[in-house]
Amino acid sequence: MTNIIEFKALYPPTSLKRHRHTKFGNHTYDPSSNEKKEFVSKIKQYLPEESIKGPIKAELKFYEKRPKSHYRTGKFSGILKENAPKYNVSKRDIDNFVKFVFDSLNKIIYVDDSQIFELNCGKYYSEDDGYILCKFEEIDEQSINLIKEDEKKIDKE
């Protein structure tokens, strides 16, 4: 039986900030630590009692609130402009969103984020406030064997 943890985090997509050094360089700190704690506090009810120990497939979907500039004005303010982008290709990088989630959930959902061997993710617009859909699926031995069989079939082709 596979272990699946799935939830909607009512937390806007956030980029992981790089670790910083103090003025004298003798101490390193994580500028994202407070945001990571806040993210975890929003999803407490979905967290497992015990961390997943096996290989994991992860699916992350990031929904950012559309900017006001995508909408018309006046009495049509709730309608998107014709030239409003369909795809979210804003300057905020998806890989930094992923790093934020993975770092936040380290030692909580899984022992280490290196257990994640497959990732499917996307960056979308939302009409509402930003949120993140997360799914973590522990893969059992039988599933791993099926993956190996598929790889063998592909190699033969």
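A residue counts as buried under 20% relative accessible area, as exposed over 50%, and as partly exposed in between, with a 1.4 Å probe and protein chains only. The model is predicted, so local features need pLDDT of at least 70 and side-chain atom pairs count only at pLDDT 80 or more, while totals for chains, interfaces and linings use all residues. Residues are numbered from 1 along each chain as its sequence is written, and side-chain values use heavy atoms, with hydrogens and water left out.

The topic here is salt bridges, each defined as a side-chain nitrogen of Lys or Arg within 4 Å of a carboxyl oxygen of Asp or Glu. The structure contains seven of these salt bridges.

One of them joins the side chains of Glu64 and Arg92, with an N to O distance of 2.7 Å. This pair connects distant parts of the chain, 28 residues apart: Glu64 lies in strand β4 (residues 56-65), and Arg92 lies in the loop between β4 and α2 (94-105). Helices (H or I, at least four residues) and strands (E, at least two) are DSSP runs, numbered from the N terminus. Glu64 counts as buried because its relative accessibility is 12%. Arg92, at 35%, counts as partly exposed.

Helix α2 holds another pair, Lys99 and Asp95, which are four residues apart and therefore separated by about one helical turn. Their closest N and O atoms are 3.8 Å apart, forming a salt bridge. Lys99 is partly exposed because its relative accessibility is 39%; Asp95 is partly exposed at 37%.

A further salt bridge brings together the side chains of Glu50 and Lys53, at 3.3 Å from N to O. Both Glu50 and Lys53 are exposed.
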